[in-house]
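Student: Can you walk me through this one? I would like to start with the strands and then go inside.

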Amino acid sequence: SDAAFAFSDAHPAHLSPVQAMGAAHRNVIAAELITPVKKSVTLDWTLPPGAALGDGVKRPLIMMPHGGPSAYDSADFDWMAQFVASRGYVVLQPNFRGSSGFGKEFEDAGRGEWVGKMQDDLIDGIDAFAQVGAIDKTQVCIVGASFGGYAALAGAAFHPDAYRCSA
C-alpha cells in the first residue's frame, strides 16, 4: 500500500504516516516537511512497473531535484522519471526548502541554504525511503539540470557518502 512520511530536521529522518494519494502514471506522496516554517509540501516519487513500496525489495534510487531553485515538482507526467523508473529505479523528486508554490515563507527558507538545509532535505528523503526498506542506500545517484544540476554537484561534493554517482 502507499505510504506517506513526515520529515523533521533531525537526522535520521523521522517518519510518520500522513495522507497518501495515487495517480495513474506515478505515485505521489502528500508529505509534511517539518521546517522552521512548518509548511506542507509534496514529495513525488515513481516506482518501477509492478513495484510497491513495502514489497521488501531494496531498489536503487535516483534523486532528481528540480531546477530553479524557485520551481517545484508536481504530480504531472514526467518523462524522465518514468523512463528511469522503467529501468528498475525508484525516482525521488522532493520539493525542498526554497521551492516555489508553497508560500513566500517556505521559498525564503531556502535563501542562502543551497548547500545547507536544501541538501539536508534531499538527504532526509533518502533516509526516509531507506528506513522503510524501499531503497538500497548504497545505490543512490543524484541527477539534475539547471539548479538540479547544481544540487547534484553540491550533493556529491558535500555529501560524498550519500551518493554513488552524480550527473
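**Strands, core and surface**

Tutor: Start with β5 and β6, which run parallel and are joined by three bridges. Strands pair if DSSP finds at least two bridges between them. Helices (H or I, at least four residues) and strands (E, at least two) are DSSP runs, numbered from the N terminus.

Student: Which residue in β6 is the bridge partner of I62?

Tutor: V91 is the partner of I62.

Student: What about β5 and β7, parallel or antiparallel?

Tutor: Parallel, over four bridges. R59 stands opposite I135 of β7 there.

Student: Before we go on, what kind of model is this?

Tutor: A predicted one: local features need pLDDT of at least 70 and side-chain atom pairs count only at pLDDT 80 or more, while totals for chains, interfaces and linings use all residues. Residues are numbered from 1 along each chain as its sequence is written, and side-chain values use heavy atoms, with hydrogens and water left out.

Student: How many residues of β5 are buried?

Tutor: Four of its five, so β5 is mostly covered; buried means under 20% relative accessible area, exposed over 50%, partly exposed in between (1.4 Å probe, protein chains only). Across the protein chain of 167 residues, 48% are buried.

Student: Which residues touch the most other members of the largest nonpolar core?

Tutor: L61, M63, L122, I126, F129, I135 and Y163, out of 23 residues in that core. A nonpolar core is a set of buried Ala, Val, Leu, Ile, Met, Phe, Trp, Tyr and Cys residues joined through side-chain atoms within 4.5 Å. The elements giving two or more residues to this core are β5 (59-63), β6 (90-94), α3 (117-131), β7 (135-142) and α4 (147-158). With six residues, α3 gives the most.

Student: And what does M63 touch?

Tutor: Leaving out residues up to four places away in sequence, M63 touches L92, P94, L122, I126, C141, I142, V143 and Y163. Contact here means heavy atoms within 4.5 Å. There is also a second, separate core of seven residues, including M64, A85, V91 and C141.

Student: Now the outside. Is W79 buried or exposed?

Tutor: Exposed, because its relative accessible area is 60%. W79 is found in helix α1 (residues 79-86).

Student: Why is that worth a remark for a nonpolar side chain?

Tutor: In soluble globular proteins, nonpolar side chains tend to be buried together.

Student: What is the helix and strand count for the protein chain?

Tutor: Four helices and eight strands.
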